[in-house]
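Subject: Structure handover

Hello,

Here is the structure for your files, with the sequence alongside. My notes follow below it.

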Amino acid sequence: MKKKIKTASLDAMINKHIGKRGSSKRESFENDLRIELLGCEIKRVRQQKNLTQEELGSLVGVQKAQISKIENSF
C-alpha cells in the first residue's frame, strides 16, 4: 500500500512558519523578499545593458559599493 503524501500550499506553509498576513514577522519577511527581488532585477538589467556596478552608480549618482549592497540585498 502506497503511503499518501500530505501537501500544503505555499501560503499555508508561510502562515504556519512565518506568520499570517499583517503580523510584524510576516511583514518583515515580505519586505526582505521584495528587497531581494529588487536587487536581483537591478543586477539582471545592469548585466543585460553591459554596465559595471561603477557605471550604473555613476549614472544614478551613487557609489559602486551602494549598487553592490542593493544587488546583494545588503
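I start with Glu36, which lies in helix α2. Its relative accessibility is 41%, so Glu36 counts as partly exposed, given that buried means under 20% and exposed over 50%. Glu36 and Phe74 are 38 residues apart in sequence, yet their C-alpha atoms are 8.7 Å apart in space.

Please keep in mind that this is a predicted model. The mean pLDDT of the protein is 93, and 100% of its residues reach 70 or more. Confidence is highest in α3, at a mean of 97, and lowest in helix α1 (residues 10–17), at 93.

Helix α2

Helix α2 covers residues 24–48 and includes Phe29. Phe29 has 30% relative accessibility and therefore counts as partly exposed. Together with Leu33 and Leu37, Phe29 makes a nonpolar surface patch of about 260 Å².

Glu30 also has its place in helix α2. Is Glu30 buried or exposed? Its relative accessible area is 17%, so Glu30 is buried, the limit for buried being under 20%. The side chain of Glu30 is joined to that of Arg26 by a polar contact of 2.8 Å.

Helix α3

Gln53 is in helix α3, which spans residues 53–60. With a relative accessibility of 14%, Gln53 counts as buried. Which residues is Gln53 in contact with, leaving aside its neighbours within four places in sequence? They are Arg46, Lys64, Ile67, Ser68 and Glu71.

The segment before α1

Lys6 lies in the segment before α1. Its relative accessible area is 81%, and Lys6 is therefore exposed, since the cut-off for exposed is over 50%. Lys6 and Lys16 are 10 residues apart along the chain, and their C-alpha atoms are separated by 15 Å.

For quick reference, these are the accessibility classes of the residues discussed:

- Glu30: 17%, buried
- Gln53: 14%, buried
- Phe29: 30%, partly exposed
- Glu36: 41%, partly exposed
- Lys6: 81%, exposed

Regards

Technical notes
Residues are numbered from 1 along each chain as its sequence is written. This is a predicted model: local features need pLDDT of at least 70, side-chain atom pairs count only at pLDDT 80 or more; totals for chains, interfaces and linings use all residues. Side-chain values use heavy atoms; hydrogens and water are left out. Patches are made of residues with over 30% relative accessible area and no salt bridge: like charges are joined within 9 Å, nonpolar side chains (Val, Leu, Ile, Met, Phe, Trp, Tyr) within 5 Å. Accessible areas come from the Shrake-Rupley method with a 1.4 Å probe; for residues, only the protein chains shown count as cover. A salt bridge is a side-chain nitrogen of Lys or Arg within 4 Å of a carboxyl oxygen of Asp or Glu. Helices (H or I, at least four residues) and strands (E, at least two) are DSSP runs, numbered from the N terminus. Buried means under 20% relative accessible area, exposed over 50%, partly exposed in between (1.4 Å probe, protein chains only). A polar contact is a pair of N or O atoms within 3.5 Å; within protein, one must be able to donate a hydrogen and the other to accept it, and residues adjacent in sequence count only if both atoms are side-chain atoms. Contact means heavy atoms within 4.5 Å. pLDDT is the predictor's confidence in each residue, from 0 to 100.
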